[in-house]
Amino acid sequence: MVEDDPATAKIIQVRLEMEGLKVLVAGNGMEALDVLQREKVDLISTDLMMPAMNGFRLVQEVRDLPPPKGRIPILLLSSNHSEQDMVRCLAAGADDYMAKPISVQVMVERLWRLFERSHRAG
């Protein structure tokens, strides 16, 4: 999970861990790329607006990585509800988009759907 607000990150992390997911937290896109180099990651959930590297750039950087890391499903979260940003996120290579405030239950369902779809595709 990539989230620059520590309080929001903690709330989401605790809920996702209650669902049985192992959660690695990065504070921005640069930290997330460092985590990707060290760890096996099945899914990425990232905020859109962050310091150092925003979600758009992170999606593009991940998609430029060779497989399998370049194919990791990405869920983008944003407090910006503009249709233009939603389209831009999906065009950058994000697999799904959720507007904040989020329902963690809906987020978990979307993450599981992305996980299952990526494992069916191989």
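Mentor: A crossing of two helices is right-handed if the near helix is turned clockwise from the far one by less than a right angle, and left-handed if anticlockwise. Helices here are DSSP runs of H or I with at least four residues, strands are runs of E with at least two, and both are numbered from the N terminus.

Trainee: What kind of model is this, and how are its residues numbered?

Mentor: It is a predicted model: local features need pLDDT of at least 70, side-chain atom pairs count only at pLDDT 80 or more, and totals for chains, interfaces and linings use all residues. Residues are numbered from 1 along each chain as its sequence is written, and side-chain values use heavy atoms, with hydrogens and water left out.

Trainee: How are two packed helices described?

Mentor: By the angle between their axes and the distance between the axes. An axis is a line fitted to C-alpha atoms, for helices over the stretch in contact, and the angle runs from 0 to 180 degrees between N-to-C directions. Start with helix 1 (residues 6–18) and helix 5 (104–121). Their axes come within 10 Å and cross at roughly 60 degrees.

Trainee: Which class does the pair of helix 1 and helix 5 fall into?

Mentor: Under 35 degrees is roughly parallel, over 145 roughly antiparallel, 65 to 115 roughly perpendicular, and the rest oblique. Helix 1 and helix 5 are therefore oblique to each other. Their crossing is right-handed.

Trainee: Which residues make the contact of helix 1 and helix 5?

Mentor: Contact means heavy atoms within 4.5 Å. Helix 1 brings Ile-12, Arg-15 and Leu-16, and helix 5 brings Val-104, Met-107, Val-108 and Leu-111. Sort them by class: Ala, Val, Leu, Ile, Met, Phe, Trp, Tyr, Cys and Pro are nonpolar, Asp, Glu, Lys and Arg charged, and the others, Gly among them, polar. This contact has six nonpolar residues, one charged and no polar ones.

Trainee: At what angle do helix 2 and helix 3 cross?

Mentor: Roughly 25 degrees. Helix 2 covers residues 29–38, helix 3 covers 55–63, and their axes come within 9 Å. That angle makes helix 2 roughly parallel to helix 3. The crossing is right-handed. On helix 2, the contact uses Gly-29, Ala-32, Leu-33 and Leu-36. On helix 3, Leu-58, Glu-61 and Val-62 take part. The tally is five nonpolar, one polar and one charged.

Trainee: How does helix 3 pack with helix 4?

Mentor: Helix 4 is residues 83–92. The axes of helix 3 and helix 4 are 9 Å apart, at an angle of about 15 degrees. That makes the pair roughly parallel, and their crossing is right-handed. Phe-56, Val-59, Gln-60 and Arg-63 of helix 3 meet Asp-85, Arg-88, Cys-89 and Ala-92 of helix 4. By class, that contact divides into four nonpolar, one polar and three charged residues.

Trainee: How many residues form the largest nonpolar core?

Mentor: Begin with the idea. A nonpolar core is a set of buried Ala, Val, Leu, Ile, Met, Phe, Trp, Tyr and Cys residues joined through side-chain atoms within 4.5 Å. Buried means under 20% relative accessible area, exposed over 50%, and partly exposed in between, with a 1.4 Å probe and protein chains only. Here the largest core has 21 residues. Val-2, Leu-36, Ile-44, Leu-58, Val-62, Leu-76 and Cys-89 touch the most other members. Helix 2, helix 3, strand 2 (74–78) and helix 4 each give two or more residues to this core. Helix 3 gives the most, with four.

Trainee: What is Cys-89 in contact with?

Mentor: Leave aside its neighbours within four places in sequence. Cys-89 then contacts Leu-48, Phe-56, Leu-76, Ala-94 and Tyr-97. There is also a second, separate core of 13 residues, including Met-1, Ala-9, Val-104 and Leu-111.

Trainee: Is Gln-13 buried or exposed?

Mentor: Gln-13 counts as buried, at 16% relative accessibility. This residue of helix 1 touches Met-1, Val-23 and Val-25, not counting residues up to four places away in sequence.

Trainee: What should I know about phi and peptide bonds?

Mentor: Most residues other than glycine have a negative phi, and most peptide bonds are trans. Now the cases here. Ala-52 has a positive phi, near 70 degrees. Ala-52 lies in the loop between strand 1 (44–47) and helix 3, and counts as exposed at 68% relative accessibility.

Trainee: Which peptide bonds are cis?

Mentor: One runs from Pro-67 to Pro-68, with omega near 5 degrees. Pro-68 sits in the loop between helix 3 and strand 2 and is exposed, with a relative accessible area of 67%. Pro-68 and Lys-40 are 28 residues apart in sequence and 9.9 Å apart in space, C-alpha to C-alpha. Another cis bond joins Lys-100 and Pro-101, with omega about 0 degrees. Pro-101 is in the loop between strand 3 (96–99) and helix 5.
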